Amino acid sequence: MCGIFGIVTKEEQNIGPIMVGAGERLSYRGYDTVGAATIPQEGKIDLRKDAGKVQEVAQKYNFAEMSGDRGILQLRWATFGAPTKINSQPHLDSDGDLVGAHNGNVVNNIELRKEFTAEGMIVRSENDGESCVHAVERYVDQGHEMAEAIRMATKDLEGDYSFVIGRVGEDRLYAIKMGSGLVAGIEEDMTCIGSDLPSILPITRRILRLYDGEIITFWAGGYEITSVEDGSSIERLPEI
């Protein structure tokens with residue numbers, strides 16, 4: 001089924017162990033590759049991933065030392081592309097300024113990869129999670145803000161999926177629910193999202209339920225939900 005987790009904290013800290021813990025709680029969903037990324041305010045994205053189990057990949061690439069104020073973790077069950085390091089998620093965009101991961105299936109992945117290559121993007125894998133990132137890249141490169149670029153990208157992505165994505169130089173992450181599971185957790189100094197409740201309940205019990213056709217922009221202690229259909233704001237409070 002795959003599983004995703006994203007977190008934004010108020011201050012830069014050692015978030016590697018938090019991501020590994022979330023990965024362990026997502027492992028019941030089945031997977032064959034593991035990856036994690038931290039996104040800095042300045043500098044390069046730290047991306048570590050490979051085929052294997054959570055603990056062995058985390059130990060091999062020292063996930064425990066990964067630090068920052070934003071992080072993304074993904075467990076992938078191979079569909080498009082073999083269970084290899086290059087097909088593991090998260091994925092970067094062409095320039096390495098965006099990183100994202102998905103849960104679900106983008107059924108027009110093969111056609112999209114051809115389009116992205118023809119447009120001059122650097123397509124590194126066979127995986128449909130990378131197509132989600134490039135679909136957003138397409139509209140960011142046209143000058144759109146992230147939330148709007150994600151909304152427009154959904155018109156190009158066919159299938160059932162959820163994905164989380166972040167950009168260098170910002171203080172937030174973005175996630176969208178389009179048929180696959182997604183739930184958020186809110187605390188004063190942290191906001192996170194995950195594919196299911198078990199992935200976030202040990203971190204917080206202030207839960208925000210998300211529904212299909214919704215984009216959540218989230219930062220430490222705050223969030224905004226918008227509609228995929230027209231970009232309008234959606235009001236919703238967390239529940240315990």
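A word on the model before we start. It is a predicted one, where local features need pLDDT of at least 70, side-chain atom pairs count only at pLDDT 80 or more, and totals for chains, interfaces and linings use all residues. Residues are numbered from 1 along each chain as its sequence is written, and side-chain values use heavy atoms, with hydrogens and water left out.

Let's begin with the sheet. Seven strands form an open sheet in the order 3-2-4-1-10-9-11, with antiparallel pairing. Strands here are DSSP E runs of at least two residues, and helices are H or I runs of at least four, both numbered from the N terminus. Two strands pair if DSSP finds at least two bridges between them. At the edges sit strand 3 (46–51) and strand 11 (207–209), each pairing on one side only. From one strand to the next, the twist averages 15°.

Now look at strand 10, residues 190–194. On one side, five bridges tie strand 10 to strand 1 (residues 3–14) in the antiparallel sense, and threonine 9 stands opposite methionine 190. Strand 9 (residues 183–187) also runs antiparallel to strand 10, again with five bridges. There, glycine 185 stands opposite cysteine 192, and two residues lie between the strands of this hairpin.

How much of strand 10 is buried? Five of its five residues are, where buried means under 20% relative accessible area, exposed over 50%, and partly exposed in between, with a 1.4 Å probe and protein chains only. Met190, Cys192 and Gly194 cover one face, and Thr191 and Ile193 the other.

Next, the helix pair. The axes of helix 3 (residues 109–118) and helix 4 (residues 128–140) come within 10 Å and cross at roughly 45°. Axes are lines fitted to C-alpha atoms, for helices over the stretch in contact, with angles from 0 to 180 degrees between N-to-C directions. Helix 3 and helix 4 are therefore oblique to each other: under 35 degrees counts as roughly parallel, over 145 as roughly antiparallel, 65 to 115 as roughly perpendicular, and the rest as oblique.

Finally, glutamate 229 belongs to the loop between strand 13 (222–227) and strand 14 (233–234). Glutamate 229 is exposed, at 69% relative accessible area. Methionine 152 is 77 residues from glutamate 229 in sequence, yet 9.5 Å away in space, C-alpha to C-alpha.
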